[in-house]
Amino acid sequence: ILIRLSKLCVQNKKCRNQHQRLLKNMGAHSVVLDLLQIPYEKLLEAETMRHIFMNNYHLCSEISERAVQHFVRCVETHGRHVEYLRFLQTIVKADGKYVKKCQDMVMTELINGGEDVLIFYNDRASFPILLHMMCSERDRGDESGPLAYHITLVELLAACTEGKNVYTEIKCNSLLPLDDIVRVVTHDDCIPEVKIAYVNFVNHCYVDTEVEMKEIYTSNHIWKLFENFLVDMARACNTTTDRKHADTSLEKCVTESVMSIVSGFFSSPFSDNSTSLQTHQPVFIQLLQSAFRVYNCTWPSPAQKASVESCIRTLAEVAKNRGIAIPVDLDSQVNTLFMKSHSNMVQRAAMGWRLSARSGPRFKEALGGPAWDYRNIIEKLQDVVASLEQQFSPMMQAEFSVLVDVLYSPELLFPEGSDARIRCGAFMSKLINHTKKLMEKEEKLCIKILQTLREMLEKKDSFVEEVIFFNF
């Protein structure tokens, strides 16, 4: 029955919101919660509950404190099972949006659960256990084992702080300090899966935060992480060309988690006042060099390339604004990359539209299927508009310069001696007199005309050379 309920909520990895709502209205989730009180391992019930709430923001917003408490107590009474934490992950973020109410409730209950729920292997006795598990193929492959639980727990804490939540940020700071994070991430035995979870935690709990976490900007912790990332990026770039033996977890760590935290740190408004960048310029330049090297590898997917390119743009902009000298050859390569990216922007957007038009179902929404991805359409439209503005701006200025000439000497539009040429005399004075009459009823139009005339006076001389060029 529980398996059938799960399939009813999620089919082919797609959530069926109406069925989820129907089951909740019928009280199916309450029945499952009652089953959770029976003293046995209830992993299937946890999976069913996860499917009822998966990617359904409205249902997650309505979840009761009792449900959250049940799953934390299941961890306390039935053991540290990943399935319980995955349900909690499901309710703190749905449809790409963060459910702050659930973030606060989950964080409160996790802290109330204490050491029975929260295990970080960050003391002298337990840290070797974490290292042993990361070195053990058996532990790494056990999706329900203690290593998987620890990774999922760190991911859950990161999800509770994602979207800037000052309450959960402060709580997580005390649970997992930077000293412990750096010790794990920079250890030679740290595996990519653990590193991804920890780096994302740092990003959401210390960098992309609602309030400034001064420690990350004043200490050397972040720079120790950056130096370790340089090693990871070099390993990813030197990987074998045989994709069957590629370390895809390391590649994901480098192109997604690493690029995200590097971009987030240097684009954060709190980093502007930090003086640590001036004393770590060599590491900064190496980050830019390594990111560019990763970008030029053959294995990154289009999404991964976009993430790396965004990081390169951020670093290049910071270098420009902070006066950091970049090697000439690197600066030239980065500029060439941006020029190619800009020239392909319109083509990529147009191609994306064509593919969407061909493959996108025109009538799915009417049939109960998913609607168009409007946000994706708007983003592509914005890309096209930005590119067209840059391409057509010189032409628009040339047209404006011609308009200036016409307004200054409109009589030149007509043959000499013609009646029209004679009547065009004193055009500017007539325009100004007409503008005065507009003051009473069309004040906005009057102001607009006067602003245009002022712009003409300022730009007439600067347009001379451009007019000659475009006419040529």
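This is a predicted model: local features need pLDDT of at least 70, side-chain atom pairs count only at pLDDT 80 or more; totals for chains, interfaces and linings use all residues.
Asn55 is partly exposed, at a relative accessible area of 35%; here buried means under 20%, exposed over 50%, and partly exposed in between, using a 1.4 Å probe and protein chains only. You'll find Asn55 in the loop between helix H4 (43–53) and helix H5 (57–62). Residues are numbered from 1 along each chain as its sequence is written, and side-chain values use heavy atoms, with hydrogens and water left out.

The buried ones are Glu45, Ala46, Thr48, Met49, Arg50, His51, Ile52 and Phe53.

Of the 472 residues in the chain, 44% count as buried. Contact means heavy atoms within 4.5 Å; among contacts between residues at least 6 apart in sequence, 73% join residues at least 24 apart.

Now go to helix H7 (residues 82–92) and helix H8 (residues 100–113), which pack at an angle of about 150° with their axes 8 Å apart. That makes H7 roughly antiparallel to H8. Axes are lines fitted to C-alpha atoms, for helices over the stretch in contact, and angles run from 0 to 180 degrees between N-to-C directions. Under 35 degrees counts as roughly parallel, over 145 as roughly antiparallel, 65 to 115 as roughly perpendicular, and the rest as oblique. On the H7 side, Leu88, Ile91 and Val92 meet Cys102, Gln103, Val106 and Leu110 of H8. By class, this contact has six nonpolar, one polar and no charged residues. Ala, Val, Leu, Ile, Met, Phe, Trp, Tyr, Cys and Pro count as nonpolar, Asp, Glu, Lys and Arg as charged, and the others, Gly among them, as polar.

H7 also packs with H11, at an angle of about 15° and with the axes 10 Å apart. H7 and H11 are therefore roughly parallel to each other. H7 brings Val82, Leu85, Arg86, Leu88, Gln89 and Val92 to the contact, while H11 brings Ala148, Tyr149, Thr152, Leu153, Glu155, Leu156, Ala159 and Cys160. These divide into 10 nonpolar, two polar and two charged residues.

Follow the chain on from H8 and you reach Tyr121, in the loop between H8 and helix H9 (127–135). Tyr121 is another non-glycine with a positive phi, about 55°, and at 8% relative accessibility it counts as buried.

Finally, look at helix H12 (residues 166–175), where Thr168, Glu169, Cys172, Asn173 and Leu175 are buried. Seen down the axis of H12, these buried residues fall within an arc of 160°, so they line one face of the helix; the arc is that of the directions from the helix axis to the C-beta atoms. They pack against H8, helix H11 (146–161) and helix H14 (192–207). Turned away from that buried side, the other face of H12 carries the exposed residues Ile170 and Ser174.

Key. Helices (H or I, at least four residues) and strands (E, at least two) are DSSP runs, numbered from the N terminus.
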